[in-house]
Amino acid sequence: MAGFLKAGDTIAGNAGTATATIGKETFEMFMVKDLRATATKNKADVRVLGNRNTQKKATGWEGSGTMTIYYVTSRFREMMYDYIQNGKDTYFDIQITNEDPTSATGKQIVTLLDVNLDEVVMAALDTEADALDEEVSFTFQGIDLGTKFTVPTLG
């Protein structure tokens, strides 16, 4: 008989935290609505004799992501402004912890290393918005998979 995932072991999307370390300062990213970071393989086409199929070979990877944040901090605007005015680019780390106390899977901690912002909203107004937010795209150059979920017990 096959088992199934218990609904209580799924992870609630708001059950966790995110912190950023910029220079020597670490702060909680309380303004995050959603964050998604993806590692994507770069692949090269490989053609070989005797096979009509174009095969793929991994040649590296790229890290990118987006986060939607409430429009309540100037920190990212300051970083972009520093780059615009002085050419000083900022790289920083973001640590994401998923921890839902109702799940038997425990917690997962992933740190995105050398995060660099792609674009930042410098000013915003919206007469239709109950709460202003902004989408921030970024790249990252490394990952630390510090703590992993445990395998849930199937029902």
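Colleague: Which residues does F76 touch, leaving out those up to four places away in sequence?
Modeller: In this predicted model, F76 touches M29, M67, I69, F92, L117 and V120, once residues up to four places away in sequence are set aside.

Colleague: And which members of the largest nonpolar core touch the most other members?
Modeller: That core has 22 residues, and the ones touching the most other members are M29, M67, F76, F92 and L117. At least two residues of the core come from each of strand 1 (16–22), strand 4 (55–70), helix 1, strand 5, strand 6 (107–119) and strand 7 (133–140).

Colleague: Which strand gives the most to this core?
Modeller: Strand 6 does, with 4 residues.

Colleague: Let's move to I94. Is it buried or exposed?
Modeller: I94, which lies in strand 5 (residues 92–99), has a relative accessible area of 0%, and because buried means under 20%, I94 counts as buried.

Colleague: What is I94 in contact with, beyond its neighbours within four places in sequence?
Modeller: The contacts of I94 are T19, A20, M29, L35, M67, V110, T111, L112 and V115, with those sequence neighbours left aside. As for E28, which is 66 residues from I94 along the chain, the two C-alpha atoms are separated by 9.7 Å.

Colleague: Changing topic, which residues form a nonpolar patch on the surface?
Modeller: Y81, Y83, I84 and M122 form one, and together they have about 430 Å² of accessible area.

Key:
Residues are numbered from 1 along each chain as its sequence is written. This is a predicted model: local features need pLDDT of at least 70, side-chain atom pairs count only at pLDDT 80 or more; totals for chains, interfaces and linings use all residues. Side-chain values use heavy atoms; hydrogens and water are left out. Patches are made of residues with over 30% relative accessible area and no salt bridge: like charges are joined within 9 Å, nonpolar side chains (Val, Leu, Ile, Met, Phe, Trp, Tyr) within 5 Å. Accessible areas come from the Shrake-Rupley method with a 1.4 Å probe; for residues, only the protein chains shown count as cover. A salt bridge is a side-chain nitrogen of Lys or Arg within 4 Å of a carboxyl oxygen of Asp or Glu. Buried means under 20% relative accessible area, exposed over 50%, partly exposed in between (1.4 Å probe, protein chains only). Contact means heavy atoms within 4.5 Å. A nonpolar core is a set of buried Ala, Val, Leu, Ile, Met, Phe, Trp, Tyr and Cys residues joined through side-chain atoms within 4.5 Å.
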